[in-house]
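Okay everyone, thanks for coming.

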Amino acid sequence: MKSYSSQFMTLFTRLAAPAMLLASALLTGCGGGGDAANEQLKIGFAQVGAESVWRTANTDSLQNEAKKRGVDFKFSSGEGKQENQIRAIRSFVAQGVDLIILSPIVETGWDPVLKEAKRAGIPVLLMDREIDTADESLYAAFIGSDFVEEGRLAAQWMVENVKGDEVKIVELEGTPGSAPAIDRQNGFKEVVDKHSNFTIIESQSANFRRSDGKDLMESLLKLHSDIDVVYSHNDDMALGAIQAIEAAGLKPGTDIIIISIDAIKEAFEAVVAGKINCIVECTPLFGPLAFDMAEKILNGEPYERRVVMKDGVFDQTNAAEVIDSRKY
Ligand code: GYE
């Protein structure tokens, strides 16, 4: 944090004029969408890609909020490749944005490019996924969920609700090397390891994608005739797996228990229809919070360096009550 304070002083000087303009606009009551002061705020967003419904909802949330606030918003989709995101960050630095929002595809390999941003005095806000670095001064803050806890919640639901002397689980993993794939696996395993009647018999990646989830489940069903549980790191892969299970003549939710993470509307519908048994929530709706944080960081106001969302757990007992309030 220390190393940032001097940087933020420079930033503050650079942004003092627009910030003051904004303050006076608010005081005189002429604030609101698209006011002149906010138009000067330039924010770059290096997004992962468009691999899931969660991701699209996340992109929409940021884009809508940027529009509402009149922010000059530069969006870049990494299309699932770290090198694209690194290129995007470099281009944001070259364009002299005020702040960069990064949702990192994988955990490692960010130090060099984040050092470039730091040298240019541009704070980076990590959103959704964390990075693995020894130098925490390379980013200003993180907002997102606790993925380890999500994995634990999924496993806790399973050990409480699935009975049997020998319960066989297949795990559909997210993108290799990504924080949610690593952490959701670790949290789940931590609980499973304490219950000797539960065994993870397969663990493979389907990249958080629906079509990959379907393909992977198809091949796992050919390999194993005795799968009891599918634990999927996201809903898209679970929904793909459901297609494969039905195509194999089995009943998802009954013949094979399905547990997944994200809680998109389609997954809620599948819970109500009895095809998914449990979903752990992970919100993608970071728009308002991300821009509030960005403004605080840029205005030199105090802010929390790590903001972690609270995730709910839904199953047949409570999904129907909340389904209508789901926006994505
Ligand atoms: O679960 C998945 C998406 O990082 C939490 O990424 C996010 C994950 C989410 O593709 O659907």
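So, where does the ligand sit? In this predicted model, you'll find the ligand in the largest cavity.

Let's look at who the neighbours are. There are 13 residues around the ligand, and the ones that come nearest are Glu51, Asp128, Arg129, Arg184 and Asp262. If you sort that shell by class, you get six charged residues, five nonpolar and two polar.

Now for some contacts. Asp128 has a polar side-chain atom 2.7 Å from an oxygen atom of the ligand. For Arg129, an N or O atom in the side chain is 2.8 Å from a ligand oxygen, and for Arg55 that distance is 2.9 Å. And how much of the ligand's accessible area does the protein cover? On its own the ligand has 300 Å², and the protein covers 100% of that.

Last bit: where does the shell come from? Helix H3 (53-69) and helix H7 (179-192) each give at least two residues. On the domain level, domain 1 (39-144 + 284-309) and domain 2 (147-283 + 315-325) each put in at least three.

Methods. Residues numbered from 1 in each chain as written. Predicted model: local features only at pLDDT ≥ 70, side-chain atom pairs only at ≥ 80, totals over all residues. Heavy atoms only, no water. Near = heavy atom within 4 Å. Polar contact = N/O pair within 3.5 Å; in protein donor to acceptor, adjacent residues only side chain to side chain. Areas by Shrake-Rupley, 256 points an atom, 1.4 Å probe, with all protein chains shown as cover. 1 Å grid on protein atoms, 1.4 Å probe; cavity = no way out; pocket = protein on both sides within 12 Å on 5 of 7 lines; lining within 4 Å. Sits in = over half its atoms within 2 Å of the grid points. Helix = DSSP H or I, 4+ residues; strand = E, 2+ residues; numbered from the N terminus. Nonpolar A, V, L, I, M, F, W, Y, C, P; charged D, E, K, R; others polar. Domains from an automatic or database assignment.
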